[in-house]
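These are my notebook entries on one protein structure. I set down what I looked up, topic by topic.

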Amino acid sequence: MSSSSRGPGAGARRRRTRCRRCRACVRTECGDCHFCRDMKKFGGPGRMKQSCLLRQCTAPVLPHTAVCLLCGEAGKEDTVEGEEEKFGLSLMECTICNEIVHPGCLKMGKAEGVINAEIPNCWECPRCTQEGRTSKDSGEGPGRRRADNGEEGASLGSGWKLTEEPPLPPPPPRRKGPLSAGPPPEDVPGPPKRKEREAGNEPPTPRKKVKGGRERHLKKKPKPPLASAEGPAVPSPSPQREKLERFKRMCQLLERVPDTSSSSSDSDSDSDSSGTSLSEDEAPGEARNGRRPARGSSGEKENRGGRRAVRPGSGGPLLSWPLGPAPPPRPPQLERHVVRPPPRSPEPDTLPLAAGSDHPLPRAAWLRVFQHLGPRELCICMRVCRTWSRWCYDKRLWPRMDLSRRKSLTPPMLSGVVRRQPRALDLSWTGVSKKQLMWLLNRLQGLQELVLSGCSWLSVSALGSAPLPALRLLDLRWIEDVKDSQLRELLLPPPDTKPGQTESRGRLQGVAELRLAGLELTDASLRLLLRHAPQLSALDLSHCAHVGDPSVHLLTAPTSPLRETLVHLNLAGCHRLTDHCLPLFRRCPRLRRLDLRSCRQLSPEACARLAAAGPPGPFRCPEEKLLLKDS
């Protein structure tokens with residue numbers, strides 16, 4: 001609703017503002033409609049600048065800057081107490097001429113105004129009514145919306161004039177069947193037909209009109225002319241009219257009136273004496289327009305699903321959606337299928353030459369030659385020709401890819417990694433994001449070694465949602481901000497295990513080597529590690545400040561699975577270790593390498609005694625506190 005362009009109350013068309021009281025205004029965004037997806041808060045570009053479809057106000061009010069076109073003052077209805085005085089001092093916007101005036105400022109004699117009961121401060125002004133300027137469909141004004149906000153019995157309907165008569169109850173729905181079925185039963189109540197009123201059988205209802213906006217009463221709007229039997233005469237709608245119709249249909253979808261078929265069917269069964277069923281879908285058209293729609297017409301069938309009404313006394317909601325010409329039927333929804341690109345053509349087995357012949361060496365021989373080249377030389381070979389470029393993408397030529405120490409990873413780099421399918425990937429000390437890492441891991445199902453040392457936990461947390469069935473080595477050294485809670489997310493089994501599953505596998509069940517140097521590990525994290533990573537043969541806990549003698553006792557306890565599988569153990573820089581923990585390492589029969597360097601509280605003499613006795617067989621000490629054993 002907006003105003004025209006002739007003054008302060010009818011300037012350039014202005015938008016109404018939210019009422020901040022209806023159900024749509026007080027709810028939150030849905031996050032699913034196309035307007036929400038465009039918002040920046042939901043990850044969109046923020047170009048549409050539109051509110052959520054479910055938050056579009058159903059009763060917008062005039063802006064606070066609106067003033068009367070005649071006196072130039074704002075609404076002053078709060079300064080008086082009487083209903084008539086308040087109405088005379090409130091601002092009203094005409095739906096035809098778009099002028100905003102005080103009803104008390106108009107001097108139109110006996111002209112009558114028509115109030116829109118659904119939109120606040122909205123009417124058809126007396127001047128437009130006197131001049132005969134009306135909307136194309138008198139049963140509904142432009143921009144009509146619900147005023148009851150979907151609540152039963154919250155409004156008096158729509159389109160009531162200012163007379164003191166209460167609205168007439170809606171007539172009962174007509175019978176189904178041919179036109180020659182006979183007259184309707186006499187015991188069914190209802191107002192007289194329009195033809196009888198026009199013929200003079202019943203005197204018309206007296207009207208009291210508004211004089212200058214000082215008397216406020218209610219009366220029905222004038223009905224549109226009856227449609228002929230051949231079909232209703234529908235005027236061609238204007239673009240503004242079509243826009244308003246689309247808006248009303250959208251509001252109808254947002255706030256549905258509860259189904260009242262049960263109450264209507266009960267009242268129909270009571271009122272129908274001849275036993276024939278009444279169509280309750282036709283009742284809204286009769287109650288609003290005061291006429292029976294033409295039988296068999298297409299307009300009747302199209303309007304059946306869009307209007308609802310309830311007989312008087314059934315307790316249901318009153319009419320609140322005056323629909324114009326029904327929208328055209330929606331096209332059938334086509335089934336959606338995933339369109340995949342065509343498969344790539346097979347790689348050529350020979351190298352075509354410029355002369356038209358093929359090179360005598362086949363593709364297998366060229367690949368054996370390319371295996372002796374490094375990554376830089378392979379990239380140079382890929383620039384020679386298209387055939388070599390396709391051959392050099394073979395994953396046997398790229399067993400390991402090193403992208404360490406790069407500040408950012410571009411999409412072409414990630415696509416190149418996925419295309420080469422390496423078995424080992426080094427992303428240490430890079431700025432890889434969580435989204436990029438998750439994208440990579442979901443496409444590298446054959447990855448066996450993953451190095452993420454020096455990255456942030458925000459990006460490493462992608463390991464908690466990515467499947468890694470072939471992973472054997474995981475390097476998480478010196479990751480920032482890692483606590484017990486983060487390690488618990490990484491070690492625990494995924495929460496989406498099937499119901500009834502008795503044994504759930506953790507994400508690191510198949511990992512054989514785990515590097516956790518520099519992390520703030522506690523004994524609680526070690527217990528989870530022993531439970532959900534039972535196949536570890538190499539464990540790096542160097543420079544972990546919380547690792548001490550109790551941690552060594554957990555690793556070498558009789559119930560620890562690592563007692564029999566541990567081969568390499570790095571505890572360098574763990575300052576809480578003392579000489580009392582050294583005899584515990586004799587419980588690990590397969591231990592071949594034990595690094596205790598930079599442990600301040602360990603004496604060299606105690607380490608020498610352990611090397612001499614050792615687990616089965618003595619150790620040798622190439623460096624102080626470094627114990628090695630030949631296999």
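**Entry 1: Terms and ground rules**

I take helices (H or I, at least four residues) and strands (E, at least two) as DSSP runs, numbered from the N terminus. I count two strands as paired if DSSP finds at least two bridges between them. The model is predicted, so I note that local features need pLDDT of at least 70 and that side-chain atom pairs count only at pLDDT 80 or more, while totals for chains, interfaces and linings use all residues. Residues are numbered from 1 along each chain as its sequence is written, and side-chain values use heavy atoms, with hydrogens and water left out.

**Entry 2: A hairpin**

I looked up strand 7 (residues 350-352) and strand 8 (residues 358-362), which run antiparallel and are joined by two bridges. Thr350 has Pro362 in strand 8 as its bridge partner. Five residues lie between the strands of this hairpin, and Gly356 takes a positive phi near 105 degrees there.

In what order do the strands of the open sheet of ten strands lie? I read the order as 9-10-11-12-13-14-15-16-18-17, with mixed pairing. Strand 9 (400-402) and strand 17 (620-623) stand at the edges; each has a single partner strand, so one side of each is left without a neighbour in the sheet. On average, neighbouring strands of this sheet are turned by 5 degrees against each other, direction ignored; the axes behind such angles are lines fitted to C-alpha atoms, for helices over the stretch in contact, and angles run from 0 to 180 degrees between N-to-C directions.

I then looked at one pair within the order. Strand 16 (residues 593-595) and strand 18 (residues 626-628) run antiparallel and are joined by three bridges. Arg593 stands opposite Leu628 in strand 18. I recall that strands of a sheet pair through backbone hydrogen bonds, either parallel or antiparallel.

**Entry 3: Glu99**

Is Glu99 buried or exposed? I call a residue buried under 20% relative accessible area, exposed over 50%, and partly exposed in between (1.4 Å probe, protein chains only). Glu99 has a relative accessible area of 10%, so it is buried. Its place is the loop between strand 1 (92-94) and strand 2 (100-101). The side chains of Glu99 and Arg127 are joined by a polar contact of 2.9 Å. For this term I require a pair of N or O atoms within 3.5 Å; within protein, one must be able to donate a hydrogen and the other to accept it, and residues adjacent in sequence count only if both atoms are side-chain atoms.

**Entry 4: Aromatic rings**

How many aromatic pairs does a search of the whole structure find? The search gives four. Rings of Phe, Tyr and Trp (its six-membered ring) pair if their centres lie within 6.5 Å; planes under 30 degrees apart count as stacked, over 60 as edge-to-face and the rest as tilted. The ring centres of Phe370 and Trp388 are 5.3 Å apart and their planes stand at 80 degrees, so the pair is edge-to-face. Phe370 lies in helix 10 (residues 363-370) and Trp388 in helix 12 (residues 386-391), so the pair ties together parts that are 18 residues apart in sequence. Both Phe370 and Trp388 are buried. Ring pairs link Trp366, Phe370 and Trp388 into a cluster.

I also looked for charges over rings, that is, NZ of Lys or CZ of Arg within 6 Å of the ring centre and within 35 degrees of the ring normal. Arg419 lies over the face of Tyr393, at 3.7 Å from the ring centre. Arg420 lies over the face of Trp398, at 4.6 Å from the ring centre.

**Entry 5: Cysteines**

My search of the whole structure found zero disulfides, a disulfide being a pair of cysteine sulfur atoms within 2.5 Å. The sulfur of Cys19 has its closest cysteine sulfur in Cys57, at 3.4 Å, which is too far for a bond. Cys128 is in no disulfide either, the nearest cysteine sulfur being that of Cys125, 3.3 Å away. Cys19 counts as buried at 10% relative accessibility, and Cys128 is buried at 0%.

**Entry 6: A positive phi**

Most residues other than glycine have a negative phi, and most peptide bonds are trans. Arg20 is not a glycine, yet has a positive phi of about 60 degrees. Arg20 lies in the segment before helix 1 (23-26) and counts as exposed, at 66% relative accessibility.
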